[in-house]
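Hi,

Here is the structure I said I'd pass on.

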Amino acid sequence: MTAATTSRPAAALSPRLTTATTTRVLRQLRHDHRTVAMLLVLPSALLGLLYLIWSDVPADPGQPERFDRIGLSMLGVFPFVVMFLVTSIGMLRERTSGTLERLLTTPLSRPALLLGYGAAFGLAAAVQALVTVTVAVTAYDLDVAGPLVLVVLIAVVDAILGVALGLLASAFARSEFQAVQFMPVVVLPQFFLCGLLVPREQLPGWLQAVSDVLPLTYAVEALREVGAAAEPTGTMWGDVGVVAGAALLALGLAAATLRRRTS
Amino acid sequence: MDAAVTVTDLVVHRGDHPVLRQVSCQVPPGQVTGLLGPSGSGKSTLLRAVVGVQQVRSGSVTVLGRAAGSAALRSRVGYVTQAPSVYTDLTVRENARYFAALYGRGAAAADAAIADVGLSEAAGQLVEDLSGGQRGRASLACALVGEPDLLVLDEPTVGLDPVLRVELWSRFHALAAAGKTLVVSSHVMDEAARCDRLLLLREGRLLSDSTPAELRARTGTQDLEEAFLSLVRAAAGQQVTA
């Protein structure tokens with residue numbers, strides 16, 4: 001078996017193969033002009049709608065403007081939701097088109113495939129966040145006390161969380177119909193409980209406990225910290241760490257549920 | 001010489017339904033082995049077991065001296081599924097370059113593989129804009145690009161015009177002459193004559209494992225389709241008498 005020693009056994013997480021996969025996913029995105037346009041424009045447009053909703057409502061005394069609080073939080077929610085949807089459908093397409101089965105026979109490892117997806121949509125999310133943050137602070141007068149680059153960073157980590165959960169959810173979906181319905185299941189409870197609708201302290205105790213283990217809670221808290229303090233706080237970095245950890249955990253679970261052998 | 005693929009007592013079920021029933025066979029290296037049988041006979045399932053993506057109930061599949069699907073094999077085995085499995089929202093060239101990268105090859109190898117399947121002119125086109133036959137060839141190019149030692153092709157010539165089919169078969173034989181092993185499934189009997197060796201599968205059982213010449217001699221007919229039918233009749237007769 002001399003040939004076996006000459007062939008390069010692929011490392012579990014080859015940077016080369018991960019990059020190739022990221023490039024491929026971005027190329028697919030690039031051919032889909034409408035999706036690119038929607039990715040870039042929709043969050044800004046929806047944020048504009050929120051801005052208009054509150055434009056005539058006076059702020060509660062002693063409280064920040066409602067739009068400053070909610071609009072900023074939405075900068076973390078949008079990329080999470082959008083990337084969850086895009087990746088769960090994208091991965092399902094890999095599955096149904098037979099390309100996933102084919103990839104599993106190549107040297108590309110499952111973690112490298114998933115990480116390649118995460119990096120591609122993380123990059124897309126970075127561009128999306130740059131556009132949305134720029135529009136928000138210029139056109140909608142969004143007030144952020146801390147550095148805007150941190151807002152973009154948190155948005156990207158949120159997007160990667162969305163990607164990771166989307167990849168995981170796609171393992172449990174057999175059709176596009178099912179995949180789309182995972183979105184409200186995964187996203188809405190996190191949105192309801194993250195403290196945006198009702199401050200977390202006012203939630204019933206057990207719901208507060210549920211809220212404590214949902215990653216979006218930490219994403220929204222991190223954004224609130226950036227919004228309120230000029231310097232990055234320890235709480236904020238802790239929150240970002242929790243969201244990133246949750247994303248890694250979901251990616252690991254997604255890799256574990258991705259079966260090489262199927263019936 | 002050691003067999004490139006050794007299948008031993010392979011049993012595969014889909015649900016409660018047996019798809020492969022105790023199949024044993026060997027694929028010699030450096031040859032084109034045809035896997036023939038009617039649709040539903042288990043051809044695709046056997047090929048999936050060889051590339052290591054099929055759940056098997058019992059039995060074993062050894063490929064190039066290792067268990068099928070093991071990590072070390074993945075750079076040495078190329079697989080083309082029956083339905084073209086390429087990214088329809090990428091161009092032919094982008095597809096070939098991606099798979100080239102996965103096998104550690106460069107852009108030149110991708111272009112060569114595209115030329116090998118006669119798609120150079122369409123290299124810049126999106127796969128979704130191609131005809132069915134062209135898509136199949138794009139899919140084939142993405143396996144050729146890795147220059148695998150074992151090439152597993154599930155009905156690669158479906159929907160191709162006769163000229164192209166002949167070209168592809170001569171390409172397969174050139175690869176075999178260069179020492180590569182090919183397993184090609186087909187339900188078209190006129191392709192059987194082009195194979196060095198034939199495995200005939202029917203209802204999950206192996207009916208015959210021989211060269212085309214041996215098959216003709218054994219059944220006393222020059223026509224391989226006729227030979228296959230006489231094997232089927234003999235097998236059915238055995239089932240009745242048993």
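Predicted model: local features only at pLDDT ≥ 70, side-chain atom pairs only at ≥ 80, totals over all residues.

Residues are numbered from 1 along each chain as its sequence is written, with chains lettered from A and ligands numbered from 1 in the order in which they are written.

The contact takes 28 residues from chain A and 30 from chain B, counting two residues as in contact if their C-beta atoms, placed from the backbone, lie within 7 Å. On the side of chain B that touches chain A, α2(B) gives the most, with four residues; helices here are DSSP runs (H or I, at least four residues) and strands are too (E, at least two), numbered from the N terminus.

Now the helix pair. α2(A), residues 15-31, packs on α2(B) at about 165°, with the axes 9 Å apart (axes are lines fitted to C-alpha atoms over the stretch in contact, and angles run from 0 to 180 degrees between N-to-C directions). That makes the two roughly antiparallel, the term for angles over 145 degrees. A:Leu17, A:Ala20, A:Arg24 and A:Arg27 meet B:Glu94, B:Tyr98, B:Ala101 and B:Leu102.

Then there's α4(B), residues 132-144. Eleven of its 13 residues are buried, so α4(B) is largely enclosed by the rest of the structure (buried means 20 or more other C-beta atoms within 10 Å of a residue's own, all placed from the backbone). Those buried residues pack against β6, α2, α3 and β7 of chain B.

Cheers

Conventions:
Parallel < 35°, antiparallel > 145°, perpendicular 65-115°, else oblique. Expected span 1.5 Å × (residues − 1). Buried ≥ 20, exposed ≤ 12 C-beta atoms within 10 Å, placed from the backbone.
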